[in-house]
Amino acid sequence: MTSLGTGAARPAKRGRDRKPRSRDETLVTRALLRAAEQLTIADGDLVDILGVSATSLWRLKRGDTVLKETSKEYEIALHVIRLFRGLGAIYGNNTADMARWMHAGNSALDDKPVEILKSLKGLFSVIGYVDAHREKL
């Protein structure tokens, strides 16, 4: 019989000594992944948009980790979610139309929106474009 009060260190089990996740981190991670799925953003494109490795994205999708509130990736995720919600307002949450828009050439933006999102400047220009069209509704 082992005593818990002996002070002997127990070996850490893999994955058990993670920092606790905040509710916001979990919600933002899930919302980002759902938005990417609904907009049919390929994993390779999402890796480029967030600036993370394919392995990191795989861990996010498996639920092994979340985007940390203090990270640049978390901030980018918030903007992608904002873009998703803006498109939802324009297209009445018709995700098929929203996804088509993301992958179609756009003469005003000079490229497909999904390609433009791969830079911060591009992400903000696409959000500005969508916000301007949303204001007209």
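Leu83, Phe84, Leu87, Gly88 and Tyr91 in H4 meet Asp97, Met98, Trp101 and Met102 in H5. This contact belongs to a predicted model of a chain with seven helices and zero strands.

**The H4–H5 pair**

- Helix H4 spans residues 72-91 and helix H5 spans residues 95-103.
- The two axes, those of H4 and H5, come within 9 Å and cross at roughly 120°.
- The crossing in which H4 passes H5 is right-handed.
- Leu87, one of the H4 residues that meet H5, is in contact with Met98, Trp101 and Met102, and also with Leu39 and Val130, when neighbours within four places in sequence are left aside.

**The largest nonpolar core**

- The largest nonpolar core has 34 residues, and those touching the most other members are Leu32, Ile41, Leu46, Leu83, Leu87, Met102 and Val126.
- At least two residues of this core come from each of H1, H2 (43-50), H3 (54-62), H4, H5, H6 (113-116) and H7 (120-135).
- The helix that gives the most to the core is H4, with eight residues.
- Leu83, Leu87 and Met102 are among the residues that touch the most other core members, and these three also take part in the meeting of H4 and H5.

- Glu25 lies in H1, which covers residues 23-38.
- Glu25 has a relative accessible area of 8%, so it counts as buried, the cut-off being under 20%.
- The side chain of Glu25 comes to 3.0 Å from the backbone nitrogen of Glu69.
- Beyond its neighbours within four places in sequence, Glu25 is in contact with Val66, Leu67, Lys68, Glu69 and Tyr74.
- Thr29 is also placed in H1, and it counts as buried because its relative accessibility is 3%.
- With residues up to four places away in sequence not counted, Thr29 touches Leu60, Thr65, Val66 and Leu67.

- Most residues other than glycine have a negative phi.
- Asn93, which is not a glycine, has a positive phi of about 60°.
- Asn93 sits in the loop between H4 and H5, and it counts as exposed because its relative accessible area is 57%, against a cut-off of over 50%.
- Asp110, a residue other than glycine, likewise has a positive phi, near 65°.
- The loop between H5 and H6 holds Asp110, which has a relative accessible area of 68% and so counts as exposed.

**The chain as a whole**

- Along the sequence the pattern reads α-α-α-α-α-α-α.
- The chain has 137 residues, of which 34% are buried.
- Of the contacts between residues at least 6 apart in sequence, 59% join residues at least 24 apart.

Note on methods:
Residues are numbered from 1 along each chain as its sequence is written. This is a predicted model: local features need pLDDT of at least 70, side-chain atom pairs count only at pLDDT 80 or more; totals for chains, interfaces and linings use all residues. Side-chain values use heavy atoms; hydrogens and water are left out. Helices (H or I, at least four residues) and strands (E, at least two) are DSSP runs, numbered from the N terminus. Buried means under 20% relative accessible area, exposed over 50%, partly exposed in between (1.4 Å probe, protein chains only). A polar contact is a pair of N or O atoms within 3.5 Å; within protein, one must be able to donate a hydrogen and the other to accept it, and residues adjacent in sequence count only if both atoms are side-chain atoms. Contact means heavy atoms within 4.5 Å. A nonpolar core is a set of buried Ala, Val, Leu, Ile, Met, Phe, Trp, Tyr and Cys residues joined through side-chain atoms within 4.5 Å. Axes are lines fitted to C-alpha atoms, for helices over the stretch in contact, and angles run from 0 to 180 degrees between N-to-C directions. A crossing is left-handed if the near helix is turned anticlockwise from the far one by less than a right angle, and right-handed if clockwise.
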